[in-house]
Amino acid sequence: MLFIAGGTGFVGTHLIERLKKEGLSIRCLVRDEKKALELSKKGIGFHIGDITDRESLKGALKGTTLVVHLVGIMEGSPEDFNRIHVKGTENLLDEALREGIKTFFYQSALGANLNGETPYERTKAMAEDLVISSGIPYIIFRPSILIGGDVTVGQLDGFTKRLLELIKTFPFVPVPGKGDSRFQPLYIEDWCTAFIEALLKREERNRLYELGGPEHLTYNEILKTLMEFVKVNKPLVHIPLWVIKAGLPAGRLLKKATGIDIPLPTSDQLRLLSKDNITDPDCIKKYFGFTPMRFKDALFLSHQLLLRG
């Protein structure tokens, strides 16, 4: 029996579909009865609780051997990042220790760093340290951007959705800075294959894997490829980061006053977009023995969701 915290998010929904095909029993942590009912209809067990509420986790892991921790946020206050990434991980580890869990999986992020510029980077690294020092055998993934989606699952990744919003909202496509920061998009189904290989087909534990797709692509290249795929021809307009940051308060006021869903980044997200987020392009092949999808191929496999926008 596997226990998944974060099973109703983008990564979790795709992972559950793959685990069901493997014939595995799954129990998910959910925060409300509506999501519990949706899981129940799919034959998936559930426990109603929240990783930030230690008491609500009591009994959640009973009868399970593997905990999969996928919960994370990309925006919020420093307190939010600490409460969810750090305290939430600590709570889940405490319950895992109490129940004698055999393996703890943590979904971190490429760039996690105790001295990082943003709360996101720092708290992801703090959570990693908690997992490593817990004494529970662990596997940690640090992926670059996860992209794509299976139409049967019905969820497209948040990064691509945000880019589609930018492409559709404005007469031009605003690009923070030069747009030359490099990323390594990894198709979600390839991430799932790596997970199954590392967690279910191998006994080796206490490993941290940095993961990414087979290409280093700049933000400009990702945007142009996506626009070509959805058949949109608009100019890329590069805007200095300081101009975007200065305009964020006015943009939020306009969004609130008009009700128009203007896709606005946070200051921290701008910082993350302005730096490389890459690792060895052959890492998946070296670690797990297969070659992941190129970005264009992943878009093609996700085309029905992309065209829905």
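Helices here are DSSP runs of H or I with at least four residues, strands are runs of E with at least two, and both are numbered from the N terminus. I started with L130, which sits in helix α4 (residues 119–133).

**Ground rules.** I'm working on a predicted model, where local features need pLDDT of at least 70, side-chain atom pairs count only at pLDDT 80 or more, and totals for chains, interfaces and linings use all residues. Residues are numbered from 1 along each chain as its sequence is written, and side-chain values use heavy atoms, with hydrogens and water left out.

**L130.** Buried or exposed, or partly exposed? I got 24% relative accessibility for L130, so it counts as partly exposed; the cut-offs are under 20% relative accessible area for buried and over 50% for exposed, with partly exposed in between (1.4 Å probe, protein chains only). Skipping neighbours within four places in sequence, I found L130 in contact with V86, E90 and L93 (contact means heavy atoms within 4.5 Å). I also checked L130 against R182: they are 52 residues apart in sequence and 29 Å apart in space, C-alpha to C-alpha.

**H69.** Next I went to strand β4 (residues 66–69), which holds H69. H69 has a relative accessible area of 0%, so it is buried. What does H69 touch? Not counting residues up to four places away in sequence, I listed A5, I51, T89, L92, F104, F105, Y106 and Q107. A polar atom of the H69 side chain also lies 3.4 Å from the backbone nitrogen of V71.

**Cores.** I then looked for nonpolar cores, meaning sets of buried Ala, Val, Leu, Ile, Met, Phe, Trp, Tyr and Cys residues joined through side-chain atoms within 4.5 Å. In soluble globular proteins, nonpolar side chains tend to be buried together. Which members of the largest core touch the most others? Of its 58 residues, they are F141, W191 and F195. Helix α6 (residues 188–200) gives this core its largest share, eight residues.

**Other helices.** In helix α7 (residues 219–229) I noted Y219, N220, I222, L223, T225, L226 and M227 as buried. Just after α7, K231 takes a positive phi of about 60°. At the start of helix α2 (residues 33–41), I saw a side-chain oxygen of D32 reach to within 3.2 Å of the backbone nitrogen of K34.

Key
A polar contact is a pair of N or O atoms within 3.5 Å; within protein, one must be able to donate a hydrogen and the other to accept it, and residues adjacent in sequence count only if both atoms are side-chain atoms.
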